[in-house]
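My notebook is open and the viewer is up. Here is what I looked up, one item at a time.

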Amino acid sequence: MKRVARWGLGSFAAVMVLVTVAHLPPVAGWLGWTHHGGSGTCPFGYGKPAAPAGGAATARRASPGPAVLGFSLGATTRLDVQRWALAHALWCSDGKGGSELACGNAPGSLLGGLDAKSLWFEFASDDTLAAVRAVRVAPTVDSLVTAFHRDADALGGLAGEPAKQTGHADAATLGKGLLSQASAEYRRGDFRAELRATNFGPRGYVLTESYAL
Amino acid sequence: MSFRTTGIVIATLAVATACSSDDSNNTAKGPGATLKCASGQDAFDTYKAAGFVAVNQAIFAKVHDEVAANGATNLGSSFMEAGTANLPATADDAATFEGKLAAFLVFAYGGPTSITYTDNKTYTGDDQDMVTAHTGLGITEDQYMYFISNIVVPALTDSGVSSDDVNNCFAPVVLGSDFEASIVNQ
């Protein structure tokens with residue numbers, strides 16, 4: 001009985017030491033339990049998050065922002081994205097300070113449209129999604145044009161007419177030569193979005209999308 | 001050997017050295033020198049030093065805007081870590097980095113081996129080792145494509161480069177496999 005009690009107390013003490021060490025800011029940071037401001041926090045929600053550095057723009061929003069690529073800007077959390085990636089067997093890596101997440105090779109069926117070679121997520125100080133960007137590669141100029149217009153239509157519904165446009169998103173313009181390009185930028189309130197369709201020659205036709213609050 | 005003979009040898013060597021130096025400056029050309037813009041000339045002769053300075057400044061302004069608006073995940077570490085000296089590739093401060101990039105672009109597109117940039121300092125473009133300049137940064141292929149499509153092409157067109165010239169006398173250099181290989185996955 002004494003032996004069991006000794007083992008129990010010893011194990012409890014060891015766990016307490018580990019938990020304490022893991023909550024030290026440098027160790028928490030090393031483990032990736034960080035907020036945008038770089039301070040450590042407990043992954044189970046017991047830590048005190050860093051104060052928002054950017055005022056209202058980085059504070060948690062009262063209502064979710066626009067839904068893009070299946071995520072809600074200002075509402076989807078880092079943990080949501082990590083769970084989503086895990087559920088779909090996507091490989092992701094942390095960026096600096098724990099505020100960034102980069103994921104590779106997301107099938108188009110998850111995002112709508114073309115497969116994404118890269119997805120980059122930025123998180124605000126409250127850990128909600130502040131920006132998401134995607135790099136997609138289309139095999140043909142026609143599929144690029146289709147994808148561009150599908151996204152442009154969706155953004156038109158969210159933000160109205162483009163605030164700025166360059167080039168013409170048609171096969172003749174984009175198929176003309178290396179780095180032929182068309183773009184459209186949208187703004188509504190603090191929401192910004194940008195689509196760029198670019199001819200990368202033998203590498204394919206690249207669509208870059210950027211959505212941010 | 002008489003003084004006279006020694007003097008002739010020295011004079012000959014001096015002339016030979018000067019000539020070889022001049023020759024190297026005149027003949028060393030970057031890969032873009034063979035590409036012709038709509039003007040019939042290479043990119044540097046078409047847009048001159050002022051055009052390249054404008055493009056270079058536009059690149060840095062767009063990087064700044066991109067980082068301020070959306071963060072840095074998509075651009076890699078080249079610009080954000082300039083001057084930190086965390087790696088040999090990040091030893092140059094931001095101003096030196098900007099001047100060196102300008103000199104590199106000028107040389108790559110048919111211009112001289114060195115330029116005096118807006119900070120009145122002279123930077124050379126023909127001696128820059130792109131592999132060393134990017135080693136340890138871990139720039140991915142997609143980050144490079146994002147940089148070209150969202151920073152470089154808009155910087156060119158905003159600075160007055162026509163889309164035909166982007167196609168024909170700018171794109172082949174930055175999309176060249178050897179050039180990209182010197183930057184990506186280093």
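**Strands in chain A**

I began with strand β5 (residues 116–123) of chain A, which is joined to β6(A) by seven bridges, the two running antiparallel. For me, strands are DSSP runs of E with at least two residues, helices are runs of H or I with at least four, and both are numbered from the N terminus. Two strands pair if DSSP finds at least two bridges between them.

This is a predicted model, so I note that local features need pLDDT of at least 70 and side-chain atom pairs pLDDT 80 or more, while totals for chains, interfaces and linings use all residues. Residues are numbered from 1 along each chain as its sequence is written, chains are lettered from A and ligands numbered from 1 in the order written, and side-chain values use heavy atoms, without hydrogens and water.

I looked up the partner of A:Leu119 in β6(A) and found A:Ala134. β5(A) and β6(A) make a hairpin with five residues between them, and A:Asp127 in the turn has a positive phi of about 75°.

On to β6(A) and strand β10 (residues 205–212) of chain A: eight bridges join them, and they run antiparallel. A:Ala138 sits opposite A:Tyr205 in β10(A).

How many of the 10 residues of strand β6 (residues 129–138) of chain A are buried? Nine are, so the strand is largely enclosed by the rest of the structure. Buried means under 20% relative accessible area, exposed over 50%, and partly exposed in between (1.4 Å probe, protein chains only).

**Disulfides**

I searched the whole structure and got two disulfides over all chains. The cut-off is a pair of cysteine sulfur atoms within 2.5 Å.

One joins A:Cys92 to A:Cys103, S to S 2.1 Å. A:Cys92 lies in strand β3 (residues 91–94) of chain A and A:Cys103 in strand β4 (residues 100–106) of chain A, so the pair ties together parts 11 residues apart in sequence. The S-S torsion is about 105°, so this disulfide is right-handed. A:Cys92 is partly exposed at 24%, whereas A:Cys103 is buried at 4%.

In chain B, B:Cys37 and B:Cys169 have their sulfur atoms 2.0 Å apart. They link distant parts of the chain, 132 residues apart: B:Cys37 is in the loop between α1 (3–27) and α2 (43–70), B:Cys169 in helix α6 (residues 163–174). B:Cys37 is buried at 6%, and B:Cys169 is buried at 0%.

**Chain B overall**

I jotted down seven helices and two strands for chain B. Of its 186 residues, 46% count as buried.
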